[in-house]
Amino acid sequence: MEYNPREIEKRWKTWWDDKEVYKVSNDSPKPKYYVLDMFPYPSGSGLHVGHPLGYIGSDIYARYKRMKGFNVLHPMGYDAFGLPAEQYAIQTGVHPAKSTAENIARYREQLDKIGFSFDWCREVQTCDPKYYKWTQWIFLQLFQHWYCTDAKQAHPIGLLVEVFELEGNARVNAATSQEVIFTALEWRSMTPKEKDDVLMNYRLAYRKTTFVWWCEALGTVLANDEVKDGVSERGGYPVERKPMLQWSLRITAYADRLLADLDTVDFSDSMKKMQSNWIGKSQGAQLFFKLAESSEIRNPKSEIEIFTTRPDTIFGATFMVLAPEHDLVKQITTPAQAQEIADYLAYVNTRSERDRMSETKEVSGAFTGAYALNPFNGAKIPVWIAEYVLKDYGTGAIMAVPADDERDLRFAKKFKLPIVEIIDKSMHPGATIEDKLGKMVNSDFLDGMEVMDAIEAVLQRIEGMGIGHRKINFKLRDAIYSRQRYWGEPFPIAYDPDGVAHPLPLSELPLELPVLDDFKPASGGKAPLARAEDWVNLPNGWRRETDTMPGFAGSSWYFLRYMDANNDEEFASQKALNYWKDVDLYVGGTEHAVGHLMYSRFWHKFLYDKGLVPTKEPYKKLMNQGMIQGKSAVMEVTMDGGRSLELHVPVRFVDDEWRISLENFAKLTHIDNRFEQVEPGTHVAILTEAGGKHIQLTQRVEKMSKSLHNVINPDEMVERYGADCFRMYEMFLGPIEQAKPWDTKGISGVSGFLRKMWGLFYDENGQYLVTDAEPTQDELKVLHACIKKVTEDIERFSFNTCVSGFMICVNELRSLNCSKRSVLEPLVKLIAPFAPHIAEELWLLLGHQTTVCLADYPVFDEKYLVQDTISYPVSINGKKRDLVDLPAGMSPLELEQAALDLDTVKKWLEGQAVRKVIVVPGRMINIVV
RNA sequence: GCCGAAGUGGCGGAAUGGUAGACGCGCUGGAUUCAAAAUCCAGUGUAGGCAACUACGUGUGGGUUCGAGUCCCACCUUCGGUACCA
């Protein structure tokens with residue numbers, strides 16, 4: 001009987017489905033283990049070989065844990081709302097629901113071929129109303145809660161209203177954007193709309209006019225992490241800052257906890273670092289600078305509020321800078337400077353974010369004409385505006401200390417502003433401007449103090465004088481939660497004629513998307529939903545919110561839904577939540593480091609505050625899988641006129657020497673119309689030609705992508721080599737967390753290995769070879785060495801070395817001619833997580849009736865690994881000179897003597913005295929001369 | 001600029017401070033075949049030598065150690081994150 005993966009794999013897939021082998025119960029005496037993959041967005045181009053890498057790793061681990069006696073939850077689903085389906089709908093008129101369903105079906109088909117042990121009964125699709133009912137519900141919970149910074153947790157908004165009724169907001173410590181203090185009396189006299197506006201400043205989901213990233217091409221607002229390098233992450237379109245009324249989530253309320261609890265989770269250091277940088281906690285002081293009296297200023301009472309981490313440098317503050325968008329700019333600009341400021345603001349407006357980023361060394365700014373007073377010595381300091389101060393960070397205003405800040409220094413030099421030295425760093429040669437080192441000078445009462453002491457001294461003085469206070473600032477900003485798009489969750493919110501936002505009752509959830517046939521954004525920054533007038537306008541005169549939720553809404557809690565995916569009464573039952581608790585192993589790409597992971601950690605903490613989930617963190621351990629890169633074929637062409645072009649040639653047209661024939665080259669115009677510009681020999685100089693019949697191309701390792709024409713389809717690999725082989729080869733490529741190029745050639749090695757393993761059961765004549773004979777010591781040693789290696793390596797997610805361990809084992813069993821049941825049976829169990837189909841088939845051949853997936857994982861026994869002789873390397877001065885087999889159990893002294901007696905050693909020692917001999921029993925012998 | 005990860009044969013990669021290059025691809029030679037594919041056997045870091053063997057070898061330069069791919073210091077390169085964060 002020959003190894004026929006196609007036939008075997010098909011049969012076992014059906015068998016697993018029929019027997020519901022992978023169905024998981026929420027009711028089990030076994031310990032739980034939750035293995036989760038980051039669910040995919042089902043794109044139109046299907047899976048390429050890079051996508052399943054993490055899924056295979058997690059599937060191996062899930063299968064391993066199952067055989068180790070755990071009740072393993074290993075689900076899969078789809079992040080199914082999103083822009084591409086909607087863009088596609090705008091272009092083709094195909095409803096996003098339809099194209100998404102088709103893409104999901106395609107993904108499912110591809111995933112099914114690879115033999116994953118997913119429990120598909122628990123599948124979630126974020127665009128399914130049964131699912132987004134609960135996304136909407138959690139949003140409403142956020143809407144109906146505020147964050148109390150005293151209790152360090154979320155409380156119902158009703159509690160806040162009670163306090164307002166009793167005593168106003170003066171003593172409420174909350175994460176809030178409310179700036180005005182009011183009394184109980186003032187509260188009670190507010191109109192409903194005014195009250196709603198106040199409460200909005202406290203809600204965890206709130207509506208506010210904010211400067212947002214507006215993307216004209218996509219017709220929507222984007223979140224910070226959806227904007228990369230000044231363009232939209234999806235599509236690469238330009239974006240601009242624009243003030244708009246938007247829903248936001250107050251993630252900043254949880255900044256401190258999101259940072260602190262990183263210590264409790266098992267993420268890589270780099271991942272933790274990325275998150276803590278994103279949160280960006282800094283300690284300093286918030287303080288106020290009064291404006292100098294002047295009849296030219298419209299509002300001389302104003303103060304400028306600043307944030308600084310270096311209050312000690314205040315005597316070196318020779319000017320102040322406001323962000324161009326700062327509210328005070330209009331009020332304080334003097335008539336004499338009005339034109340200059342207007343010109344500068346106009347200039348800032350023309351600058352795209354990309355311009356701003358590309359020239360960070362170039363400073364620009366304008367003088368407002370106003371002066372502020374140094375609160376300590378009353379010195380008059382000019383107030384400027386400049387691009388380098390950001391509206392969203394701190395208070396949008398700074399005191400500029402050119403002597404101690406590089407940017408301030410550049411600015412001072414350019415605009416000829418004074419520079420006052422305040423820190424003597426002569427004691428610390430090599431210290432940089434950022435180092436908090438040196439002695440204070442020219443600084444009044446701080447003179448002579450070390451920087452660290454001066455910071456504390458000035459903080460105490462500031463608080464004593466009542467001009468400011470200590471403050472912790474975060475870089476993290478609230479997450480913009482509105483998208484002016486169709487294909488997302490509708491907000492379960494309606495506005496009354498006064499514009500007060502009202503939540504929909506639970507009984508009206510899910511609020512389903514209305515059916516539309518035109519998905520283009522409506523005019524004026526309005527979402528497509530505004531077109532569905534019957535849906536928007538309610539009988540009582542209220543209007544529905546027409547924005548939809550962003551991509552991260554559905555993905556912020558999906559891991560909880562898997563625990564109880566078909567529950568219509570709750571997002572998941574408390575019983576299920578308390579059984580599964582949290583994700584033990586989460587596998588996914590690094591690209592979600594700051595987006596998805598932060599949002600879902602935030603939602604989880606909120607649900608924890610509400611007592612709805614039992615754990616503070618959703619993910620115990622995070623594994624990052626590396627990218628599988630493609631090899632693309634690049635043709636560099638120089639057009640007439642010297643313009644050069646880089647074209648990606650589809651790799652299927654490329655031969656082994658990375659060339660393309662002229663014949664195939666001619667076909668390329670049908671694939672990419674850019675090739676129409678390129679005609680060989682005529683108006684194009686092609687880089688290298690080989691023999692006149694081919695064009696030589698350059699190989700480049702880069703991201704696998706449709707546009708680079710270097711995609712390898714997993715279906716083809718499975719079709720040709722089988723799923724088991726594909727799974728093992730993906731693992732064999734290298735460490736799972738590293739990026740590595742795909743090379744189809746190498747797969748034959750794994751394919752040969754599987755056939756060799758099969759060959760232990762059947763010879764080439766189809767003769768069944770397995771016997772019940774007693775295994776020899778050598779055979780048991782080979783087996784147990786493999787059990788030990790594989791088990792240890794699975795535990796540390798080193799799947800590539802597991803595969804080579806299997807290869808070594810099978811090679812050795814072959815050379816021992818071993819086909820004994822007592823050796824092969826454990827081997828089949830051992831390999832089952834990696835190659836489940838062939839394992840089931842061989843398990844059946846060995847006479848078992850039940851699935852190998854639930855067999856006990858083999859345990860290695862040290863006693864088979866003890867060696868009679870040990871092969872000792874003998875070194876002289878650390879250089880290996882000989883190798884000698886010596887009986888195990890020799891004493892160090894005996895080993896030393898045995899080494900010194902060797903001929904090689906004698907030869908090398910000739911004429912030299914032995915100074916020392918180092919013996920590590922079981923390891924090595926080193927002779928020092 | 002800052003933060004993080006990584007630099008090992010022709011290639012993917014392996015190596016608790018203790019035999020560098022496991023395993024696989026590729027390549028070379030041989031067996032089988034009319035031939036090819038497939039399969040099997042042997043070899044394969046570089047240089048010199050018929051060989052035994054010798055020298056050199058883990059990005060570069062130093063250091064610690066009996067012994068360094070692994071630890072420490074400085075630098076170079078690549079990749080990822082971040083970007084005027086006060």
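**Base contacts.** I looked up arginine 410 first. One of its polar side-chain atoms lies 3.3 Å from a base oxygen of RNA strand B. This is a predicted model, so I read that distance as a computed one. Next I checked tyrosine 393. Here a polar backbone atom is 2.7 Å from a base nitrogen of RNA strand B.

I then turned to asparagine 811. An N or O atom in its side chain is 3.1 Å from a phosphate oxygen of RNA strand B.

**The whole surface.** How many residues surround RNA strand B? I found 53, and the closest are Ser270, Thr309, Arg407, Lys475 and Leu733. Of the RNA atoms that come within 4 Å of the protein, 59% belong to sugar and phosphate.

**Domains.** I noted the assignment for chain A, which runs from domain 1 to domain 6. Domain 1 has two segments, 33-124 and 554-624. Domain 2 also has two, 139-272 and 478-551. Domain 3 covers 281-474. The centres of domain 1 and domain 6 are 57 Å apart, taken over C-alpha atoms.

**Confidence.** Chain A has a mean pLDDT of 89, with 93% of its residues at 70 or more. Where is confidence lowest? I found it in strand 28, residues 684-686, at a mean of 49; strand 2, residues 71-73, is highest at 98. The pLDDT is below 50 over residues 681-685, a stretch with 13 contacts in the model beyond near neighbours in sequence. Low pLDDT means the predicted coordinates should not be read in detail.

How values were computed. Residues are numbered from 1 along each chain as its sequence is written. Chains are lettered from A and ligands numbered from 1 in the order in which they are written. This is a predicted model: local features need pLDDT of at least 70, side-chain atom pairs count only at pLDDT 80 or more; totals for chains, interfaces and linings use all residues. Side-chain values use heavy atoms; hydrogens and water are left out. Domain bounds come from an automatic or database domain assignment. A residue is near a molecule or strand if one of its heavy atoms lies within 4 Å of it. A polar contact is a pair of N or O atoms within 3.5 Å; within protein, one must be able to donate a hydrogen and the other to accept it, and residues adjacent in sequence count only if both atoms are side-chain atoms. pLDDT is the predictor's confidence in each residue, from 0 to 100. Helices (H or I, at least four residues) and strands (E, at least two) are DSSP runs, numbered from the N terminus. Contact means heavy atoms within 4.5 Å.
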